[in-house]
Every structure is written in structure tokens, then in C-alpha cells.
Amino acid sequence: MNIHTILGANGTIAKALVPVLLKNGETVRLVSRNPNPVNGTSCLAADLLHPEQVHHAVKGSSIVYLTVGLQYKASIWEEQWPIIMCNVIEACQEHGAKLIFFDDAYMYGKQNGIITENTSYNPCSKKGEIRAEIANILESAICKGTIKATIARAVDFYGPSVTDKSAPGVYVFANLLKGKKAQWPINAHVPRSFNYVPDAARALYMLAKDEQSFGQIWHLPTAKPLTGEEFVRLAGGHFGAKPDIIVVPKWLLRVIGWFNAFMREAYEMNYQDEFPFVFNSSKFERAFNFVPTSYEEGIKETARWFSSNMSDSQNK
């Protein structure tokens, strides 16, 4: 039996990937420490820090998607990510499973131009250093020919159902829904790339089904970047709001970090909002004849979802 196994099945991308797999008739196994059941899938509890549990989770799989989201803390990433990556590589090697690693863009660090798959790693944060390390671990295994794997990279998310794990979800859509002004971190005048979650999920499956995709790095579909002001203007139109925006200065984000652990950990990544951050997916678009969802369409669908699904909770 060819099983598509998702390691880290409770995260944003995993939840979006499941319906794509089921729609295409795949047998789906959901794996996490406490996987949430989904109709039409099987669930398996496993701790990816333990190699025997990872081997059990991967057994029988044709494709493994590594979509784990660890607690957003550099010390935890440093301790756990290399162990998880090595465990998953060894399990996939043992059972002949192909691996799709859903990665971020932290290893690129601050860049002065367009970021492509050929951009050198230049991390300027502790988390970026860790992501470069685990990417190098997997790339080394790929080069040795001991595993068939592909690295699929994305930047920050937005989209329907993406709330607390999304800067636009928190700063823009949630505030507009409450009748408040949208917020934007540090600089609303520089271009900034985001990935539309439904596009990313579709793209992961397309990579999994294409034998030629393995052994490569791919940037998942990303529309041409827009500024914070442009993002807020588009979103505000769907809430009947003026395109007003409150820019949260960098010093205030540091102060907030004194009291909020997540914001404290996120502070080192602020270069992505302070300077242009342009993530290019032309390679994927050409190879798969894929047109990324425009921000106009993606923001419209996201605003519609927030209005339909979050209004009651916002009013409580």
C-alpha cells in the first residue's frame, strides 16, 4: 500500500495538505504526538525525537512530508531539529520512502536582491543558523544518493483558516474584523513576500508526484511581492474599512518581547519586515505551469473566511 505520511500533522500546512491528498485518492497517515483525527485518514501518535517511533511511523510509506512546527524558541530548535532530521532521513532510507521537507527561508538571512533557490545561505539569526544546519544535513544525504528527497521552501503564510500562525492574520484581518485599524510591523513601504496556504499545499503534492522534483530545492508558489500599505488597502476594501494602517516600530516590538515570549523570539527575524524581502518562485511556476494566486484573489478569499468564521469569536 502506498501511504502518504505527514509528520507534524496538526500544523497549518499539514491541515491544508490533507484535503488535497484525499481529493486525489491517496491513503493518508497523520503523525504527531497527539494527532487530530480527520475523516478518511489514519492517525499514529509518535515522538520524532525517538528513532524507533519515527521508523514505525514511516513504515509502509511511499511519500513522507516533514511539516513539523516546533515551539518557536531557538534553544529548542537547536536541540531538537538536528535529531528530528537525522531520525527522519534514517527512517526514509530504511523503508524506501521519498521525503518532502517543508522548509522556511530563514537560512537565506538578509538579502539585497531577489531570493531564488540558488541564493547562498547567509543566516543573520540564530534560527536561521539552525535552519541552514538541518538543510545541509538533508542536502548531504541527497548528494550521497542515500535518500530521494526534495526541499520545498516558503515564507510567512496567509489564507483562509490561518489565524494565530500568520502575521497578516493577526495584524491585518483580525483587527479589521474587529473594526480596528490594521497594523504592520516596522516598515509598510518595502516589498514583502507571502505564501498563500492553499497554493503551498497543492504545490507540495505536485512535487511529491513528480519524480523529477527530487534532489532539488523548490520555492513554493509566491505571487510578486507587495508592500504593507498595498496589502492593507486590498484587505480593507473587503471589510468596508479605510486603508489606515498603524506601523508598529521596531523598538516597541522589543518592549513587547519583554512580556511576550513569542515576540521575544520573533525579534531577531524583524529584518524580513524592515528591509525588502522578495522571494521568487519562478522555477516552480515554469516547471509545473503554475500561476500563483494573486494577492487580490487570496486576500478576498481570506477576508471572506474571517468574516464567515471568526465574527462570533471576535464579538465575545
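Let's start with helix α3, residues 74-95. Helix α3 lies across β1 (3-7), β4 (61-66) and β5, and it runs at about 170° to β4. By contact I mean heavy atoms within 4.5 Å. Angles run from 0 to 180 degrees between N-to-C directions, with axes fitted to C-alpha atoms, for helices over the stretch in contact. Helices (H or I, at least four residues) and strands (E, at least two) are DSSP runs, numbered from the N terminus.

Quick housekeeping: this is a predicted model, where local features need pLDDT of at least 70 and side-chain atom pairs pLDDT 80 or more, while totals for chains, interfaces and linings use all residues. Residues are numbered from 1 along each chain as its sequence is written, and side-chain values use heavy atoms, with hydrogens and water left out.

Now, the sheet. In what order do the seven strands come? The open sheet goes β3-β2-β1-β4-β5-β6-β10, with parallel pairing; strands pair if DSSP finds at least two bridges between them. At the edges sit β3 (41-45) and β10 (217-219), each pairing on one side only. From one strand to the next, the twist averages 20°. Zooming in, five bridges join β5 (residues 98-103) to β6 (residues 149-153), and Leu99 stands opposite Ala149 in β6.

A cavity, on a 1 Å grid over the protein atoms alone, is a set of points where a 1.4 Å probe fits but cannot get out; lining residues have an atom within 4 Å of a point.

Which residues line the largest cavity? Among them are Asp156, Tyr171, Trp184, Arg192 and Asp273. Helix α5 gives the largest share of that lining, four residues.

Last, the aromatics: 21 pairs in the structure. Rings of Phe, Tyr and Trp (its six-membered ring) pair if their centres lie within 6.5 Å; planes under 30 degrees apart count as stacked, over 60 as edge-to-face and the rest as tilted. Phe173 and Phe306 are stacked, 5.3 Å centre to centre with 25° between the planes. Phe173 lies in α5 (residues 167-177) and Phe306 in α12 (residues 295-309), so this pair ties together parts 133 residues apart in sequence.

Conventions. On a 1 Å grid over the protein atoms alone, a cavity is a set of points where a 1.4 Å probe fits but cannot get out, and a pocket is an open set with protein on both sides within 12 Å along at least five of seven lines; lining residues have an atom within 4 Å of a point.
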